[in-house]
Amino acid sequence: MKPQNPSALHILAFVYLTFSHVTDGELSDEEIDTIARVLHGWLPEATNDAISRVIVDTAAWVNGIDGDEERLAQAETYAHLMKEQMSEKQRSAVLVNLIELARADGKITATEEQFIGHLTRILGLG
């Protein structure tokens with residue numbers, strides 16, 4: 001279920017969780033740990049508990065959406081918002097985070113590469 005007023009961190013978590021789950025059909029512990037670490041990079045003053053809560057809330061939100069197509073469409077909508085509201089440096093950081101996530105489980109799939117390529121274009125970086 002979508003948080004009432006999703007924060008920027010929730011939206012980043014949504015894109016990262018969708019990417020990690022949809023592209024290879026699973027969400028490994030390494031991917032979750034990487035998501036927590038990269039979210040902490042966006043908000044260094046946040047406690048580990050606060051980051052964990054964002055991940056848990058966002059995972060429930062992602063899981064509440066019927067089907068991967070709908071999840072991907074929502075992630076794409078957020079990427080368009082990021083293009084409008086983030087600096088080029090911030091948008092580049094989002095892509096670096098996605099690459100870190102792709103590498104987290106030790107294998108980069110073609111679907112992960114396609115997702116990163118697609119978001120690169122949406123974010124105006126490719």
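Guide: Buried residues make up 42% of the 126 residues in the protein chain. Buried means under 20% relative accessible area, exposed means over 50%, and partly exposed is in between, with a 1.4 Å probe and protein chains only.

Visitor: Okay. What should I know about the source?

Guide: This is a predicted model: local features need pLDDT of at least 70, side-chain atom pairs count only at pLDDT 80 or more, and totals for chains, interfaces and linings use all residues. Residues are numbered from 1 along each chain as its sequence is written, and side-chain values use heavy atoms, with hydrogens and water left out.

Visitor: How many helices and strands in the protein chain?

Guide: The protein chain has 6 helices and 0 strands. Read from the N terminus, the order is α-α-α-α-α-α. Helices (H or I, at least four residues) and strands (E, at least two) are DSSP runs, numbered from the N terminus.

Visitor: Why is the protein chain called as compact as a globular protein of that length?

Guide: Its radius of gyration is 13 Å, close to the 14 Å that the globule rule gives for 126 residues, so the chain is as compact as a globular protein of that length. The radius is taken over C-alpha atoms, and the rule is 2.2 Å times the number of residues to the power 0.38. Along its principal axes, the C-alpha trace spans about 35 × 30 × 25 Å.

Visitor: And what share of the contacts is between residues 24 or more positions apart?

Guide: They account for 73% of the contacts with a separation of 6 or more. Contact means heavy atoms within 4.5 Å.

Visitor: Switching to charge. How many positive and negative side chains?

Guide: There are 10 positive and 20 negative side chains, and the centres of the two sets lie 7 Å apart. Lys and Arg count as positive and Asp and Glu as negative, while His and the chain ends are not counted. The place of a charge is NZ of Lys, CZ of Arg, CG of Asp or CD of Glu.

Visitor: Now rings. How many aromatic pairs?

Guide: The count is 4 aromatic pairs. Rings of Phe, Tyr and Trp (its six-membered ring) pair if their centres lie within 6.5 Å; planes under 30 degrees apart count as stacked, over 60 as edge-to-face and the rest as tilted. One of the pairs is F14 with Y78: the centres are 5.5 Å apart and the planes at 80°, so this pair is edge-to-face.

Visitor: Where do F14 and Y78 sit?

Guide: F14 is in helix α1 (residues 8-24) and Y78 in helix α4 (residues 68-85), 64 residues apart, so to speak a link between distant parts of the chain. Both F14 and Y78 are buried.

Visitor: What about F19 and F115?

Guide: Their ring centres are 4.9 Å apart and the planes at 55°, so the pair is tilted. F19 lies in helix α1 and F115 in helix α6 (residues 110-122), so the pair ties together parts 96 residues apart in sequence. F19 is buried at 0% relative accessibility, and F115 is buried at 9%.

Visitor: Which residues form an aromatic cluster?

Guide: F14, W61 and Y78 form one. W61 is in helix α3 (residues 48-63) and is buried, with a relative accessible area of 4%.

Visitor: What is W61 in contact with?

Guide: Leaving aside neighbours within four places in sequence, W61 is in contact with M1, K2, P3, P6, H10, F14 and Y78.

Visitor: Last one. Is I51 buried or exposed?

Guide: I51 counts as buried, at 2% relative accessibility. I51 is also found in helix α3.
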